[in-house]
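Here are my notes on this model. Please read them with the structure open beside you.

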Amino acid sequence: MNFFHFLLQNHDQVLELTLEHLWLVGSSTLLAVLVGIPLGILSAHWPVWNKPVLGTANIIQTIPSLALFGFLLPVPWLGDRADRLAILALTLYALLPVIRNTYTGIRGVDPAVVEAGRGMGLTTSQLLFQVELPLASSVILSGIRVAVVVSVGLATIAAAIGAGGLGEFIFRGLAMVNNQLILAGAIPAAVLALSADFGLGWLERRLRPQ
Amino acid sequence: MIEFHNVAYALPTGRQLLSALNLQVQRGETLVLLGRSGSGKTTTLKLVNRLLTPTGGDVRVNGVSTAATDVIRLRRSIGYVIQDVGLFPHFTVERNIGLVPRIEGWPADRIHQRVEELLQMVGLEAQMASRYPQQLSGGQRQRVGVARALAADPAILLMDEPFGALDALTRDQLQREFLSLQLRLNKTVVFVTHDLREALRLASRIALMEAGRLVTILPPEDFLRSREPLAAAYVRAFRDGLDSATNRGAL
């Protein structure tokens, strides 16, 4: 088993690149959640925002990732450090599923429940935080889950601009025509994606209203 | 207690749902708004707690125009019960009933005590408190809906076809319980229904509405004898229903 032998021999580097990978995915997901959930709420509550917000997020999604990395490269502060740039690009990609699911989740709350809440004299923010967001939480989380899984894959491409992560192994392996190197990047990335999917899926089921 | 002065309501599209409505609801009475769907009865109800804002005229609660009242305070001082109940599915019965007291900052033990009292008042056992809405039957849910509306002891209760989605026997029982509750609590109730039988049973006065206008307003016993064509048509339809059943029995 040459491959496992390779992993063992280079476990320091594998660990380091995995951590870098996690940093890229984790921070971009966090940013996407911090920006995407408010945007989703905005478009759910004020329909005028619905089209511009979702439309923009949709368009971003259609830009090929390598091209997006390239576009962002000359931007002053961003281009200084490759990981900044990668995190921004990953954030932009993660926005769509987060915004869309926040929107869908909130719009999916039973209108009778919302009407009762308003009729009882809940303020807009009480209604949002005590009723709408809790009831939409499982749908929102499933959006975050999609974002994370996609990000884990996309983040491997970030290595092309020198942002590190498990993509390093993959690109190095491609250059050296070394399958073991490619697998050393691809397999841990797949494991990350699967465990994130499983973990968030579990959380999502816990949050789903019975 | 509640006054409508020449009230109109139109949709942003310009469609007029309610026009020239003048109406007074007296303290402690049950005013039933009777009419077909689209007659403006639910619109009228929602103007009281400003879920809708009048596009003309003035709605007054306790002598103050609702337009000049803080809308959150206004709604918390008015109980609101709807046909689909709208219980919060992620809250237990206890939290559903205790929500307004909680956001009003009542101490926990007082809320707990109030919830127990209300459960008993609407005929539910104390152990229901820890259940979730989806574990209850339709009748039980609406009982919780009524308890929740009564939680902060509002003087006014708005009820929009609260028993409309229930089976006939449960409806009958809840109507009966409503009457005995109302005898004790003496709330000012505005009750929307399309069912004459329900109106006759519960109302102090029946306000008949059609196409966004108030047709007539009469106590139940006068309603049955009214010569007003629409009221008479309602009574006839109601009597025909009874008669045809009796006739078939005779055959």
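1. Chain A has 10 helices and zero strands. Helices (H or I, at least four residues) and strands (E, at least two) are DSSP runs, numbered from the N terminus. From the N terminus on, the order reads α-α-α-α-α-α-α-α-α-α.

2. A word on the source. This is a predicted model: local features need pLDDT of at least 70, side-chain atom pairs count only at pLDDT 80 or more, and totals for chains, interfaces and linings use all residues. Residues are numbered from 1 along each chain as its sequence is written, while chains are lettered from A and ligands numbered from 1 in the order in which they are written.

3. Now the overall build of chain A. Its C-alpha trace spans about 65 × 40 × 25 Å along the principal axes. Of its 210 residues, 40% count as buried (20 or more other C-beta atoms within 10 Å of the residue's own, with C-beta atoms placed from the backbone; 12 or fewer is exposed, in between is partly exposed). Take contacts in chain A between residues at least 6 apart in sequence: 73% join residues at least 24 apart. Two residues are in contact if their C-beta atoms, placed from the backbone, lie within 7 Å.

4. Look next at H1(A) (residues 2-9) and H10(A) (residues 179-207). They pack at an angle of about 65°, with axes 10 Å apart. Axes are lines fitted to C-alpha atoms, for helices over the stretch in contact, and angles run from 0 to 180 degrees between N-to-C directions. So H1(A) is roughly perpendicular to H10(A) (65 to 115 degrees; under 35 is roughly parallel, over 145 roughly antiparallel, the rest oblique). Asn2(A), Phe3(A), Phe6(A) and Leu7(A) of H1(A) meet Gln180(A), Leu183(A) and Ala184(A) of H10(A).

5. Which residues touch the most other members of the largest nonpolar core? They are Leu90(A), Val32(B) and Val190(B), in a core of 120 residues. Such a core is a set of buried Ala, Val, Leu, Ile, Met, Phe, Trp, Tyr and Cys residues joined through C-beta atoms within 7 Å. Helix H6 (residues 82-107) of chain A gives the largest share, 14 residues. Leaving aside neighbours within four places in sequence, the contacts of Val32(B) include Phe191(B), Leu202(B) and Ile206(B).

6. Finally, the contact between the chains. It takes 15 residues from chain A and 18 residues from chain B. On the side of chain A that touches chain B, H7(A) gives the largest share, six residues.
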